[in-house]
Amino acid sequence: MAYSNNVRIEDDLTKKIIDVATKIAYDDGVGEVTVKRILDEMGVTNRVFYNRFSNINEVILIIYNDIVDKIRHCLDTAYTACTDYYEYVINLGVAVLKKTYENKLHFSQYMFEYDSYMSENRRWWMKHIEVLIQYGVEKGYFIPVNAESMAYSVWCFCRGFNADAIGGGLLPDEAEKRFRVGFSSLVRGMKPDQV
């Protein structure tokens, strides 16, 4: 990497490069994010870019991580006992879908492929989904299930739905409606008969 003393330069130009790359990705898709395009839009030389990054993939990874963080914040809503637990879990799933649409529309293929060979994001989601399931089981909201296996099933359902809906060009409102039907069936299917 082109670092000064093995530390990337962190300054206004670094932030500007990331901002310009993000705008290109959101406006035209991640495939249009190139060093040349960034430099042309900023009116600077290669040296400005390569003093801060070794290649365009570093910039794209920064944007990816920012998107992942924004989507993960959907789980910041704490459960309160006065709320129906099933609606709470379903609404979390819908919030993730909405945030995914807001942030991944032009990044969907890149993120899907990146998530496929990097397991950190999957592990993070699995851990948090597992906590929701374990809580539901402990409180009697869900039938006793292997929380890890169920978390994986939920992850696959949500990830697959999001990738297909975005990749297939499903409009956000229609995607939300269809997701709510499928995810509600999945979540309510774990409900014990007596609840």
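Q: How many of the residues in this predicted model are buried?
A: Of the 195 residues in the protein, 39% are buried. The model is a predicted one.

Q: What makes up the secondary structure of the protein?
A: The protein has nine helices and zero strands. Along the sequence the pattern reads α-α-α-α-α-α-α-α-α.

Q: What share of the contacts joins residues at least 24 apart?
A: Counting contacts between residues at least 6 apart in sequence, 72% join residues at least 24 apart.

Q: Why is Glu176 called buried?
A: Glu176, found in helix 9, has a relative accessible area of 19%. Buried means under 20%, so Glu176 is buried. Leaving aside neighbours within four places in sequence, Glu176 is in contact with Val94, Leu97 and Lys98.

Q: Is Asp173 buried or exposed, and what makes it so?
A: Asp173 also has its place in helix 9. Its relative accessible area is 63%, and exposed means over 50%; Asp173 is therefore exposed. In space, the C-alpha atoms of Asp173 and Lys98 are 9.0 Å apart, while in sequence the two residues are 75 residues apart.

Q: How do you know how to class Ala175, buried or exposed?
A: The relative accessibility of Ala175 is 0%. The cut-off for buried is under 20%, so Ala175 counts as buried. Ala175 is placed in helix 9. Its contacts, with neighbours within four places in sequence left aside, are Leu97, Tyr101, Phe161, Ala165 and Leu170. Asn162 lies 13 residues away along the chain from Ala175, with 8.4 Å between their C-alpha atoms.

Q: Which residues of helix 5 and helix 8 meet?
A: Helix 5 brings Val96, Leu97, Thr100, Tyr101 and Lys104, which meet Phe161, Asn162, Ala165 and Ile166 of helix 8. By class, the residues of this contact are six nonpolar, two polar and one charged.

Q: What makes helix 4 roughly antiparallel to helix 5?
A: The axes of helix 4 and helix 5 cross at roughly 155° and come within 9 Å. Angles over 145 degrees count as roughly antiparallel, so helix 4 is roughly antiparallel to helix 5. The crossing is right-handed. Helix 4 contributes Ile67, Lys70 and Ile71 to the contact, and helix 5 contributes Val96, Lys99, Thr100, Asn103 and Lys104. These residues divide into three nonpolar, two polar and three charged.

Q: Why is helix 1 called roughly perpendicular to helix 2?
A: Helix 1 and helix 2 pack at about 110°, and their axes are 10 Å apart. The range for roughly perpendicular is 65 to 115 degrees, so helix 1 is roughly perpendicular to helix 2. Helix 1 passes helix 2 in a right-handed crossing. In this contact Leu13, Lys16, Ile17, Val20, Ala21, Ile24 and Asp28 of helix 1 meet Arg37, Ile38, Glu41 and Met42 of helix 2. The classes are seven nonpolar, no polar and four charged.

Q: Which residues touch the most other members of the largest nonpolar core?
A: They are Ile38, Phe49 and Ile133, in a core of 54 residues. The elements giving two or more residues to this core are helix 1 (12-28), helix 2 (35-42), helix 3 (46-50), helix 4 (56-72), helix 5, helix 7 (120-138), helix 8 and helix 9 (172-188). Helix 5 gives the largest share, ten residues. In soluble globular proteins, nonpolar side chains tend to be buried together.

Q: What does Ile38 touch?
A: Not counting residues up to four places away in sequence, Ile38 touches Ile17, Val20, Ala21, Ile24, Val33, Phe49 and Ile56.

Technical notes
Residues are numbered from 1 along each chain as its sequence is written. This is a predicted model: local features need pLDDT of at least 70, side-chain atom pairs count only at pLDDT 80 or more; totals for chains, interfaces and linings use all residues. Side-chain values use heavy atoms; hydrogens and water are left out. Contact means heavy atoms within 4.5 Å. Helices (H or I, at least four residues) and strands (E, at least two) are DSSP runs, numbered from the N terminus. Ala, Val, Leu, Ile, Met, Phe, Trp, Tyr, Cys and Pro count as nonpolar, Asp, Glu, Lys and Arg as charged, and the others, Gly among them, as polar. A nonpolar core is a set of buried Ala, Val, Leu, Ile, Met, Phe, Trp, Tyr and Cys residues joined through side-chain atoms within 4.5 Å. Buried means under 20% relative accessible area, exposed over 50%, partly exposed in between (1.4 Å probe, protein chains only). Axes are lines fitted to C-alpha atoms, for helices over the stretch in contact, and angles run from 0 to 180 degrees between N-to-C directions. Angles under 35 degrees count as roughly parallel, over 145 as roughly antiparallel, 65 to 115 as roughly perpendicular and the rest as oblique. A crossing is left-handed if the near helix is turned anticlockwise from the far one by less than a right angle, and right-handed if clockwise.
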